Amino acid sequence: LTLLKQKMAAARHERITNALWGHFVGDALAMPAHWYYSVENIYKQWEGGISGFEAPPHPHPESFMIGMSYDPDVEKAKELGRSYDILHENAKYYRTSYSKFEFDTNQRESEHGNATTALMQRMHYHHGLTKGENTLHAHLTRVLLRAVGRDKKYDPNAFTNDFISFLTTPGPGNNDPYREICVRRWFENYSKGLPPSQCAADQRDVWSVGSTGGMIRPMVLAMLAPNTYQAMGVGIEHSLITQRSLNVYSALGIAVPLIRDLVDGVEYGTALKEHGSKCHAPKITGEEMFASYRSAAGPGNIPKDEKFRQHVELELAPMDLEQLAALPEDQVVRSKIGTACYTEQTLALNMYHAAKYPKDAKTAILAGVNAGGDNVHRCMVLGMITGAQDPRIKDLAAGLKDYQEIAKEIKAFADVAVAEGQNALC
């Protein structure tokens, strides 16, 4: 019996390790084409599409990062002794309350219609990163892995303190220029004196908070919990730290039980059918959504109630995953399911790619990468789903810039997750 338990723990340790490698591989593979919404632009930049790790190009033809806002209350933050600078050397790209902005944003980006700069000033969202390097959200996963490995359990307060410290400290791992809106709004609220537990923005106030980044660390924590029941609880609890979103919680209702089944050894096709059959696709197609953006000269100009409806109105019937997986990419990507950063699109598109390329993490992830849009965060999730039971993912992982350090962090986390007689949530 003891030997059987040891074999089961070792197998689970391996699947958790593979899922986490899938997360980091998906991120780094997608990074250079992040927010290329035009698939045509991806294939123009990389002949045949991306097939391995690449550095981000300059310029990014569709980038509208330049001029995004970050408005912390500097005086109040100083009075409270709270750090507020999360942009560091990249503050020059943002309109902030503490740095000088020297760009002209008098042009329009082609896919969203957002204001942007002249082409040669369109900085990549991950400008300065190198081939095989991970983006900010992957580094925030590493913050979580390190905290669990250090404390031998998950403590939300300890993570929050590490989250603040990491983002307000310049240096390696924190040089990625892009900060998602949920992170910027969090630190704006923090600078005003709100307690950390109350700093997260709400999707009903800031519609873009319902983004895929909110799924990633909860899915990681799901592997740590002693059972699926508690995995859902800790996943939602963790998501609440950085964003409040009914779309994120809805997506976790499928993604958490799915990743639990996969790391627990449920057969891939069985797990995907069980949980994917509960997924509802958005009513609005990707093409329809992007057309509405261009018509309004950017999604920020669409009335708040209408924008909220775009994200919460789903098809009444669940997706027929088998039927969908039989369709070619060009009949699904954008034409049926959008590639934007919102969970209702991410979950549906990931179910499609996971079903279309079963037990082949590399092919599934690269399909997600070359679909464009918010491929970075989407492929972190897809990498966990498809990587958990595909040991070949480790061969790809060896090309990551920080492979050695990440390997240690993954092992420490997985050790805690499979430790006998331990509830890592307390």
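**Figure 1. Lining of the second largest pocket, by residue class.** The lining of the second largest pocket divides into eight nonpolar, three polar and six charged residues; Ala, Val, Leu, Ile, Met, Phe, Trp, Tyr, Cys and Pro count as nonpolar, Asp, Glu, Lys and Arg as charged, and the others, Gly among them, as polar. The model is predicted: local features need pLDDT of at least 70 and side-chain atom pairs count only at pLDDT 80 or more, while totals for chains, interfaces and linings use all residues. Residues are numbered from 1 along each chain as its sequence is written, and side-chain values use heavy atoms, with hydrogens and water left out. The second largest pocket holds about 450 Å³ of space. Among its 17 lining residues, Lys5, Ala9, Val418, Ala419 and Glu420 are the closest to its centre. Two or more lining residues come from each of α1 (2-30), α9 and α18 (403-418), and α1 gives the largest share, seven residues. Helices (H or I, at least four residues) and strands (E, at least two) are DSSP runs, numbered from the N terminus. On a 1 Å grid over the protein atoms alone, a pocket is an open set of points with protein on both sides within 12 Å along at least five of seven lines, a cavity is a set of points where a 1.4 Å probe fits but cannot get out, and lining residues have an atom within 4 Å of a point. Grid points are joined across faces, edges and corners, and a volume is the space filled by probe spheres set on the points.

**Figure 2. The largest pocket.** About 740 Å³ of space lies in the largest pocket. It is lined by 30 residues, of which Phe64, Met68, Asn114, Ile181 and Pro299 are the closest to its centre. Helix α6 supplies the largest share of this lining, three residues. By class, the lining has 15 nonpolar, ten polar and five charged residues.

**Figure 3. The two cavities.** The count comes to two cavities of 30 Å³ or more. The largest cavity, of about 50 Å³, is lined by His126, Thr135, Leu136, His137, Asp176, Tyr178, Glu180, Val183 and His377. Three of these lining residues are nonpolar, four polar and two charged. The second largest cavity has about 40 Å³ of space. Its lining consists of His137, Leu140, Phe163, Cys182, Val183, Gly213, Arg217, Thr242 and Gln243. Helices α4 (136-151), α6 (181-191) and α7 (213-222) are the elements that give two or more residues to this lining. The lining of the second largest cavity divides into four nonpolar, four polar and one charged.

**Figure 4. Packing of helices α9 and α14.** Helix α9 (residues 246-264) packs against helix α14 (residues 343-356) at an angle of about 25°, with the axes 9 Å apart. Helix α9 is therefore roughly parallel to α14, a term for angles under 35 degrees. Axes are lines fitted to C-alpha atoms, for helices over the stretch in contact, and angles run from 0 to 180 degrees between N-to-C directions. Asn247, Val248, Ala251, Ile254 and Leu258 of α9 meet Thr343, Glu344, Leu347 and Met351 of α14, where contact means heavy atoms within 4.5 Å. Six residues of this contact are nonpolar, two polar and one charged.

**Figure 5. The aromatic pair of tyrosine 84 and tyrosine 98.** The model has 19 aromatic pairs. The ring centres of tyrosine 84 and tyrosine 98 are 5.1 Å apart and the planes lie at 75°, so this pair is edge-to-face. Rings of Phe, Tyr and Trp (its six-membered ring) pair if their centres lie within 6.5 Å, and planes over 60 degrees apart count as edge-to-face. Tyrosine 84 is in the loop between α3 (74-80) and β2 (95-96), and tyrosine 98, 14 residues apart from it, is in the loop between β2 and β3 (107-108).

Technical notes:
Angles under 35 degrees count as roughly parallel, over 145 as roughly antiparallel, 65 to 115 as roughly perpendicular and the rest as oblique. Rings of Phe, Tyr and Trp (its six-membered ring) pair if their centres lie within 6.5 Å; planes under 30 degrees apart count as stacked, over 60 as edge-to-face and the rest as tilted.
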